Amino acid sequence: MSVEEFWRPFEVEIEDFNGLLTVINQVMEKAVEKNIKFAWRGQIDASWALHSSLYRRMNLTKNRVLTEDDIAKEEHDILAELHRWGLHSSSQTGRLSILNQLAMLQHYGAPTRLIDVTFNAWVGAWFAVEEKWSNGEKVNEDKDARLFAFDVTDRLINEKEHFRNWEDDLSRPWKTDREGGLDKREWTTSVFAWKPANLDARIAAQNGGFLFGGIPASVKPNNKRFQFPKSPNNDGWWSIEEGREACCVAARPHVFEPAKGKGAGSGALYTFRIKASAKHDIRRRLDRLFGYKHSTVYPDFSGFSDFAMPRIKSY
């Protein structure tokens, strides 16, 4: 199974800016009518998996598809090393919560289980068509892009009393052997979203947040099955190992059908494929309409160092 085979039965194709405008309007109409909250993620290559940096890099390191136990161990080791470096605390903020430690690590490019999302659909679209360079050469312009929309209604920890204290927790609240912690079967069959405080200008500019959860497993707390469908037509299921190759959180894909009644419930994942031929024009229009470009989406020194002079070779 390829990643594209996993997503293809559920994707809606976008051929130009008008198609993007139609899709976003339809999603927003559904959000308003049904009181749904959406988070968005754009990826410049439609063939890429929906993986956190930690999951992607550890799969490469171990040369196999990993489980929650594997990732939890690596996460523990990374946080312990951060503590040894003395970066878990600062004179300005005091000790950082675990989520804020992970957010800072994510910001500076260290591997974490957090998946970057935005709560602004247009920002998500910009990330999907973002101009990227590698060693002075433009890359991925000939690749179709992918835009994800996640229904995070009832999944946003900021708005759930039972999970709100996760923001301030000094140990991992999802650690499964912790007293009073989350049941492992719930953790590995659930998805959570977090909108952090505006720790820096980048999070504010991007209306940013994070999606996270346990690496998918097959059994829910009620002993029902969690499975990734092969299509919207009840054509069978991918094995959980196959599903992890394409998606490292327990979010089930659905076809976005705006005319359909109630539709999928909280936790649904929708995917849109943006044709490569549309990238340049969409990017140009997002700049003219909203001012979205590298200098406004990454308004900091690390953003400048990464994107201000892309044509200068690195090696």
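Strand S2 and strand S8 (residues 145-151) pair in the antiparallel sense over 6 bridges, where pairing requires that DSSP finds at least two bridges between two strands. Strands here are DSSP runs of E with at least two residues, helices are runs of H or I with at least four, and both are numbered from the N terminus. The model is predicted: local features need pLDDT of at least 70, side-chain atom pairs count only at pLDDT 80 or more, and totals for chains, interfaces and linings use all residues. Residues are numbered from 1 along each chain as its sequence is written, and side-chain values use heavy atoms, with hydrogens and water left out.

Buried means under 20% relative accessible area, exposed means over 50%, and partly exposed lies in between (1.4 Å probe, protein chains only). Because 6 of the 6 residues of S2 (residues 38-43) are buried, the strand is largely enclosed by the rest of the structure.

Helix H3 (residues 53-62) also has buried positions: Ser53, Leu54, Tyr55, Met58 and Asn59. The cover over the buried residues of H3 includes helix H4 (68-84), helix H5 (98-107) and helix H9 (240-246). After H3 comes Asn63, whose phi is positive, near 60°.

Next come the aromatic rings. Rings of Phe, Tyr and Trp (its six-membered ring) pair if their centres lie within 6.5 Å; planes under 30 degrees apart count as stacked, over 60 as edge-to-face and the rest as tilted. The count by this rule is 28 aromatic pairs. One of them is the stacked pair of Phe17 and Trp122, with 6.0 Å centre to centre and 25° between the planes. Phe17 lies in helix H2 (residues 17-34) and Trp122 in helix H6 (residues 121-129), so this pair ties together parts that are 105 residues apart in sequence. Phe17 is buried at 7% relative accessibility, and Trp122 is buried at 15%. The pair of Phe256 and Tyr270 is edge-to-face, because the ring centres are 5.3 Å apart and the planes are at 85°. Phe256 sits in the loop between strand S13 (253-254) and strand S14 (269-274), and Tyr270 in strand S14, so the pair ties together parts 14 residues apart in sequence. Both Phe256 and Tyr270 are buried. One aromatic cluster is formed by Phe6, Trp7, Phe148, Phe150, Phe226 and Phe228.

A disulfide is a pair of cysteine sulfur atoms within 2.5 Å, and a search of the whole structure finds 0 of them. Cys247 is in no disulfide; its nearest cysteine sulfur, that of Cys248, is 6.4 Å away, which is too far for a bond. Cys247 is buried at 0% relative accessibility, and Cys248 is buried at 2%.

The chain as a whole has 12 helices and 14 strands. Its radius of gyration is 19 Å, close to the 20 Å that the globule rule gives for 315 residues, so the chain is as compact as a globular protein of that length. The radius is taken over C-alpha atoms, and the rule is 2.2 Å times the number of residues to the power 0.38. Of the 315 residues, 49% count as buried.

Terms used:
Contact = heavy atoms within 4.5 Å.
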